[in-house]
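Thanks for coming, everyone. Let's take a quick look at this one together.

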Amino acid sequence: MIKLLPLQGAIQEVKTDLIVVNLFEGVDKPGGATRAVDDALGGMISNVIKTGDFRGEKGKTLLLYTFGRIPADRVLVVGLGKKDEFNLEVVREVSAIAAQRARDLGVKKFATIVHGGGSGGLSYFDAAFSTSEGIFLGLYRYRAETKEVEEATIVEFNQGNIETLKQAISDATGIAKGVYLTRDLVNMPANVSTPECLADMAKNLEREYKNVRARIYDRKDMERFGMGAFLAVARGSAIPPRFIVLEYRGDESEKPIVIAGKGITFDSGGISIKPSKDMWKMKFDMAGAAAVLGIIKAAAEIQPPVRIVGLIGATYNMPDGNAYRPGDVVKAMNGKTIEIISTDAEGRLVLADLLSYATEKLNPELIVDFATLTGACIVALGTEIAGLFTEFEDLEKKLLEASKYTNENLWKLPLYPRYKKLIKSDFADIKNSGGAWAGAITAALFLKEFVGENKWAHIDIAGPTWRDEDAPYLPKGATGFGVRLTIEFLKTYKG
Ligand code: BES
Ligand code: MN
Ligand code: ZN
């Protein structure tokens, strides 16, 4: 990850490989820092604007060479688009685009102003934070290459903003570390990101941060807890499962905020095996678990005053001679029996025991779970929106606010009680598949059986966890969905 530094000064005086300034669409005479650079360059930028070759459209860039007129070698002007369409998402996008352009040029160091730090109607913190996020998240690569930017500086002229800038950079750095961890784990091949690997990551966090504790449980421990649903899924795998409890103590409150994550390290479907087309993508079926690790890392970095317990259920879902079968009846930790209709509806079985554990052992303030739970949720909401299920208005409101801020999109779907009949079983208390219709809803209704009276929200991240195409600060592959959302939620939760 690159190093990001604050600096008080005038950007046209910074000596570096490249400086980044910006321009709103349709403006003839730049203002603010861009004006100062333009003046120092003898009107080079405004002359290009006059030709009509660069108009400040969103994400378009203009590269100029300074020929010694200012200490920096190059100037990159990035278009901010139309002023009335400007927002934090635009800041993140243009910031990422400029950083990637610098990287493509082979630049090792660059300096930038805060996009939207002057005019644009954003708070200075938000603008500085989003500029920083855009740089980090846009420069992420699973596999580092020879051309990597090493350091970027955010330059602020106004002394009165420097403390805020420092805070924004340090928050964004901590959160980016969490997002990087999550993206790395989800991008990793399934033969590397084993349940034990996830447990090792948890142990690493314990070693690295003094207010983080990790407990790792194996099959025997899970038998002791009575986690018959989770264990059923794990039966068909020669590689053993792990149940991970990962705690961040930012204060001493009795009641923790519990974040549970589905950690299917590969979902073959088991005996109800999946078609082979695109099956490789099922390495991302541990994205909920990876988000929990990223959230704990980010929290340990930025130290919000809350207590978080992360729960991870990590196992492969594989077919073999010992695998669980359709028609089997298993018993979850809370005593409820489950008839297996499809061994491919495995995530809800693992979560059933995590949620039971939270309910029976943790006295939670609230529970949020992240799971790549259903293809049906992608059918309903597509690949850029996660499904939100909750019956608690305050929790819903705060999650939706955090979602608006981070642009990790959530859309509420109903825990429609009449569909409970779809998961009624003739042979057990409940069955693990509700059939063809409303699959995301019946999965959520299944989970609800294991949370008791707790304040709970379920987030189905099957869609937005993975991208097949690049977006400015979401390179294709793992997105790290859930980390930024949860940290923002925690920041505002106590208020
Ligand atoms: N991990 C999958 C859900 C999934 C599918 C996520 C495609 C992302 C892309 C989950 O374990 C699963 O297989 N769900 C089944 C449930 C069905 C058998 C009731 C599904 O969605 O088809
Ligand atoms: Mn499955
Ligand atoms: Zn799955």
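**Pockets and a metal site**

The second largest pocket has a volume of about 540 Å³. A pocket here is an open set of points on a 1 Å grid over the protein atoms alone, where a 1.4 Å probe fits, with protein on both sides within 12 Å along at least five of seven lines; lining residues have an atom within 4 Å of a point. The volume is the space filled by probe spheres set on the points, which are joined across faces, edges and corners.

This is a predicted model, where local features need pLDDT of at least 70 and side-chain atom pairs pLDDT 80 or more, while totals for chains, interfaces and linings use all residues. Residues are numbered from 1 along each chain as written, chains are lettered from A and ligands numbered from 1 in written order, and side-chain values use heavy atoms, without hydrogens or water.

Back to that pocket. Its lining has 26 residues, with Gly-31, Gly-32, Ala-33, Thr-34 and Ile-113 nearest the centre.

Now the largest pocket. It holds about 860 Å³ of space. Its lining counts 38 residues; Lys-274, Met-282, Thr-374, Gly-375 and Ile-378 lie nearest its centre.

On to the metal. Which residues coordinate the manganese ion (ligand 2)? They are Asp-267, Asp-344 and Glu-346, at 2.1 to 2.2 Å. Donors are N, O and S atoms within 2.8 Å of the metal (3.2 Å for Na, K and Ca); water is not among the atoms, so sites may look incomplete. The zinc ion (ligand 3) sits 3.1 Å from the manganese ion (ligand 2), and Asp-267 coordinates both.
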